[in-house]
Amino acid sequence: MAPSLRRFWRQPTVHFMVLGSLVFAFEEAVSRSADAHPTLEFSAPRVEQLASDFASQMGRPPSDLQLIDLVEQAIREELLEREARRLQLGYGDRGIRHRLLSKMRAVTTDLSLSEEQLLAEARRLGLDDDVIVRRHLRHKMRLLLRRAPPTSWSEAQLAAALERHRQRFEQPATVSFAQVFVSALGAAGERRANELRAQLTGQALTPDAAQFNTIQIISDPFPLGTRFNHRSHAEIVVQLGGEVAEQAMELAPEQWSQPVASRFGWHLLWVHDRRPAGLPGVDEVREPLTRLLAEEQAARQLQQAIDGLRQSYRITVDWPEPRLAQLAAARETLANPEVTS
Amino acid sequence: MKSSIFQGRIAAALLLVAGTVAAGTASAGTASADEELAFERTEERSRCAHYTVTRQPFFGQTHLHTQYSADAATISTRNTPRDAYRFARGEKVGLAPFYDTRLIRTSDDEPPVGGVSAHPYCLPPDRCQYTASRSIQMPEGRALDFAAVTDHSEFLGETNICYFEGGKPCDSQAAESVCSVDQTCSPNTGTCVPYGYDSPFCVTTRQAVNRLTNGLAAAIFVGAWQQWNPQNPPYGFCTSSTPNGEDSCARQAENVWQQIIAAAEEAYDRTDRCEFTSFIGYEYTSMPQLLQCSKSFGPCLADDDCKGGPTDRCLAPGQCSAPAGKLCFVDQAGACDTGGECIANGGGNNLHRNIIFRNANVPAAPISYFNVPTGCGAGEACRDYAGPENAVEDRGKYSTASGVSLGSPTVMLEALEGVCNPDDGCEFLSIPHNSNLSGGAMFLTPETPRDARVRAEHERLVEIFQIKGDSECRYSAQHPDAWQPGANVPDELCDFEDMRFATLAAGILVDPDARSVPASGYVRNALKHGLRYQKDSEAGVNPFKLGFVGSLDNHNGTPTATEVDYSKHGAHGTVSFGADGQMQNPSNFLGLETNGGGVSVVWAEENSRDSIFAAMQRRETYATSGTRPVVRFFGGFDLPETMCQRGDFAQQGYDLGVPMGGTLAVDARSSQSRRRTSAAGPRFAVSALMDLGWVGHPGTTLQRIQIIKGWVDADGEVREQVYDVAGSSEIAPVDLATCAPAPPESGGAASLCEVWQDPDFDPDLHAFYYARVLENPSCRWNQYYCLDRGVDCGKRPELGEDVVGYNAYDYEQCCSGEVPKAVQQRAWTSPIWYEPASDEGSR
């Protein structure tokens with residue numbers, strides 16, 4: 001086993017998560033039948049609290065849809081926390097234990113109590129319901145739900161992911177071309193460019209290797225040169241302007257274009273190669289692809305788990321305004337058309 | 001008529017080609033996949049599809065700070081190197097201030113990577129723990145081709161310790177720690193944090209940032225800087241809480257360095273599209289005498305520094321108070337009274353360098369000013385410095401006794417050579433910046449040939465322009481020849497983006513004159529002194545053979561800016577004018593944030609690390625003050641007069657001459673023909689295209705091209721001369737009410753090209769030549785700022801009163817006439833040097 005993997009398996013968190021998964025599965029099987037639909041009630045004051053928190057942070061009240069999203073977010077956070085409590089994730093947590101002990105020691109005068117007694121008392125008093133404890137619980141629950149076995153991705157999976165994230169990895173179409181440049185502007189420049197084109201065509205001069213120097217000598221000097229290799233539309237816009245870019249992407253290959261105007265003068269273009277837009281090989285982007293797949297898998301797993309939780313609860317929100325209730329219902333319908341009836 | 005000229009040209013071209021093709025020239029400007037590379041490939045990657053033999057310009061940045069820099073962290077910057085590279089490639093990122101939206105939603109599931117926090121934040125409308133209040137994205141077409149993130153190597157670890165976020169939950173009482181070996185469980189947060197996180201130092205700096213009390217956190221770090229003791233590093237909090245007295249700061253610095261490397265590796269495009277190149281780098285922040293009084297030293301390079309008359313370092317006009325090349329005093333902006341007692345803040349001599357590595361073979365940790373100080377070092381070591389007579393005794397190894405002049409980076413460069421060996425594939429460049437704020441100490445005459453050689457080897461580029469001002473040259477109407485020794489006619493165009501300090505963090509100079517701003521702080525003078533040193537010294541090497549780059553030195557983690565963006569966001573997090581009314585601080589207009597910053601342009605075959613690094617090594621680079629004109633510059637004895645009539649301009653330049661950054665030397669093997677050719681003088685061919693701008697923001701036309709020559713005359717005196725070679729001295733004005741550039745018919749050129757021959761060439765004299773390309777005026781960033789706020793110079797608000805979006809201070813800045821409304825953006829090519837034959841072999 002690689003040292004890093006060995007270290008991984010030695011970590012208490014890992015033991016805990018494995019154990020947790022088992023507990024979770026067991027609980028799922030047993031508890032669902034007993035309490036098929038636990039309830040979660042989200043009160044009107046809590047909705048209003050969310051709205052006012054938002055307003056104080058962002059300097060303006062939330063829109064209706066924003067408020068509905070805030071509530072949904074808060075519900076999901078609470079579901080995570082509740083499940084964590086149901087699975088008693090807090091009992092194994094050193095951080096929470098310490099938190100409870102220090103809170104309890106601050107309020108009790110009885111020095112004879114053992115740690116276990118203090119903890120029991122703290123829980124009885126509800127001291128385990130504070131921001132830090134809740135945050136820890138949600139954190140643990142998320143880690144638990146996100147956890148996926150280390151996967152080695154097949155070539156087919158990588159290729160599929162590359163296709164799925166086409167937009168991110170796609171390389172634009174490019175064109176390779178040569179130009180003869182005329183630095184004079186306006187009608188005079190166009191006239192010269194046309195004369196030059198007639199001569200180039202008449203003498204069958206092309207920018208291939210044998211005649212390239214001739215082409216270069218005929219052209220006016222241009223700091224970016226006469227040869228442009230594999231440029232995208234966007235790159236040509238930056239270097240030569242929009243009109244040249246449009247033409248270069250459209251022109252028929254292996255012939256001199258009509259004069260094309262730019263801010264610098266006139267250009268006669270000869271396209272000799274094109275590469276269509278497309279994806280790079282898997283090998284070229286293997287590392288970012290692998291990272292993306294792992295992240296996708298974890299996020300998917302977390303999302304499904306939270307969705308599952310949400311389905312298993314009976315959730316009611318006491319909306320302070322009827323229109324919010326209607327809007328929320330409509331949104332729900334949109335999101336899950338199959339559960340409307 | 002025209003047609004016959006063209007027919008003639010084609011005929012001539014065909015004739016010429018008959019010769020060249022027969023000679024088998026491979027100058028087609030394109031490369032087949034198996035053609036030999038023009039540079040050494042030191043890493044595994046594909047050749048770029050856009051590979052071009054005659055090279056192409058790549059636009060980039062060589063100087064940028066992110067959250068990992070202490071000073072950026074203390075102004076609420078949350079962008080990391082990963083964010084910086086995303087931004088460089090054209091994506092949107094956030095800017096401070098960041099709202100703490102923890103109450104709404106926690107996002108504590110963002111674990112730190114490798115012990116370094118990622119400082120996650122959201123852009124509206126998303127929300128997480130921190131939500132950006134502003135966002136920034138470059139206009140289409142203005143993404144960068146390459147960038148180097150250069151966080152300060154000082155405090156790298158300290159910053160991660162103090163500003164750490166998002167560790168995993170833990171129990172500080174537990175017998176067995178769940179935290180990694182370099183972390184401990186904080187009883188205050190209940191999470192794993194780096195050792196030292198709960199130290200009073202860190203708690204205070206965190207609180208200072210959380211309360212947005214601008215400047216306080218930075219001041220704490222500055223205080224730490226002052227207390228640093230070269231005899232006894234590190235800081236107490238680095239070791240006091242670790243189990244074995246280990247140095248937590250050093251450990252964390254290594255973690256951060258690994259993240260800097262990883263971010264650069266991720267951002268680098270290794271496909272054959274070659275869209276983006278990242279460089280691993282850091283900033284070595286040498287700053288002797290920071291905030292310390294203030295027996296400030298300044299250089300006295302030569303008697304010609306003393307043209308202005310008697311000052312503290314000039315006994316009489318033309319006579320230094322110390323022998324040339326030795327140290328003498330400068331009264332720093334009234335920082336010290338005559339007895340050397342501190343009466344004001346004299347600032348620090350900015351001797352900063354950006355270190356850029358060729359590839360991913362880099363040292364295990366960057367070298368910081370704390371590990372290896374230059375000058376008199378920092379803290380106590382500098383405090384008692386009492387003058388040149390004490391230099392040797394007081395400074396020990398940092399003194400002239402080591403054979404290294406004060407302010408020289410040689411000690412650091414040699415240390416870096418020790419950990420970055422070319423035999424192991426490690427190569428680096430050191431790029432000094434802001435010599436204008438060095439108190440004149442950036443380019444002190446080397447003490448020994450070794451000192452000169454080490455500098456010449458590694459310091460091939462200088463950052464000539466950035467947010468904190470122009471370092472090319474300086475001009476003021478009151479002191480027309482103060483900063484230009486040897487100039488026949490003062491160069492008024494040197495009155496450009498001048499800073500009103502002589503050192504970093506100094507008080508503003510009320511009357512910055514040559515006495516308080518040493519001439520030796522300017523690059524043109526350094527180039528001249530370099531020539532003279534090469535001619536006179538036994539080393540025979542030019543220690544200041546410097547090509548040019550321009551950059552930002554932005555502290556937002558956003559490595560590029562247009563004047564428009566700069567007017568909205570500034571460059572310094574929460575202390576930028578745009579964020580919280582800091583406009584009211586005069587140093588924001590005329591101080592720290594003087595201008596929108598520059599750009600580095602590199603002529604390379606392809607956009608890859610090796611190709612760009614090789615171009616930087618041969619200095620085939622130019623700097624701009626922020627816009628993106630395309631400029632080529634060649635020199636050579638055999639360049640034809642007709643270069644500007646032909647499209648093979650670059651091909652001829654490379655075949656018959658040298659590009660910017662190169663050296664012209666006459667072939668010693670044929671001395672007779674040399675005499676004949678060289679007496680006629682070399683030709684210089686310069687060609688430029690205007691910046692086209694971007695959608696909705698057309699670029700500004702070119703006004704003129706100048707060539708600046710510097711040389712050492714027959715009497716050994718340095719000289720300079722500015723020649724107008726192309727374009728017009730007429731201005732095509734910008735419309736200040738709209739900032740629209742002048743229309744094409746009102747003058748200005750879309751492109752310029754000229755071949756120029758030096759009329760006063762003397763083959764026996766060392767010389768350099770560089771081109772300065774000037775655009776017509778365009779709105780300076782502050783004009784966008786003023787227009788955006790609708791400042792009406794006919795309507796003055798009372799102090800504290802807001803008149804529809806602007807206040808009294810806005811009014812003052814926009815309407816006083818003190819701040820220029822328009823600016824002539826420009827580009828500076830790296831020089832081409834001429835070395836007389838006697839210097840052959842010593843290059």
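Q: What percentage of the residues in chain B is buried, and what makes a residue count as buried?
A: Buried residues make up 57% of the 843 residues in chain B. A residue is called buried if 20 or more other C-beta atoms, placed from the backbone, lie within 10 Å of its own, whereas 12 or fewer make a residue exposed and anything in between makes a residue partly exposed. This is a predicted model, in which local features need pLDDT of at least 70 and side-chain atom pairs count only at pLDDT 80 or more, while totals for chains, interfaces and linings use all residues. Residues are numbered from 1 along each chain as its sequence is written, and chains are lettered from A and ligands numbered from 1 in the order in which they are written.

Q: Why is α4(A) called roughly perpendicular to α7(A)?
A: The axes of helix α4 (residues 64-86) of chain A and helix α7 (residues 131-146) of chain A cross at roughly 85 degrees and come within 8 Å. Angles of 65 to 115 degrees count as roughly perpendicular (under 35 is roughly parallel, over 145 roughly antiparallel, and the rest oblique), and therefore α4(A) is roughly perpendicular to α7(A).

Q: Which kinds of residue form the contact of α4(A) with α7(A)?
A: The residues of this contact divide into 4 nonpolar, no polar and 8 charged. Among them are E77(A) and L80(A) in α4(A), and R134(A) and L137(A) in α7(A). Two residues are in contact if their C-beta atoms, placed from the backbone, lie within 7 Å. Asp, Glu, Lys and Arg count as charged, Ala, Val, Leu, Ile, Met, Phe, Trp, Tyr, Cys and Pro as nonpolar, and the others, Gly among them, as polar.

Q: How do you know that β2 and β5 of chain A pair?
A: Two strands pair if DSSP finds at least two bridges between them, and 9 bridges join strand β2 (residues 174-182) of chain A to strand β5 (residues 265-275) of chain A, which run antiparallel. Within this pairing, V180(A) stands opposite L268(A) in β5(A). Strand β4 (residues 260-262) of chain A is also joined to β5(A), by 3 bridges, and a hairpin through 2 residues connects β4(A) to β5(A).

Q: What makes β20 and β27 of chain B edge strands?
A: In the open sheet of 4 strands with the order β20-β19-β22-β27 (chain B), β20 (658-659) and β27 (751-757) each pair on one side only. Inside that order, β19 (residues 630-636) and β22 (residues 683-689) of chain B pair in the antiparallel sense over 7 bridges.

How values were computed: Axes are lines fitted to C-alpha atoms, for helices over the stretch in contact, and angles run from 0 to 180 degrees between N-to-C directions.
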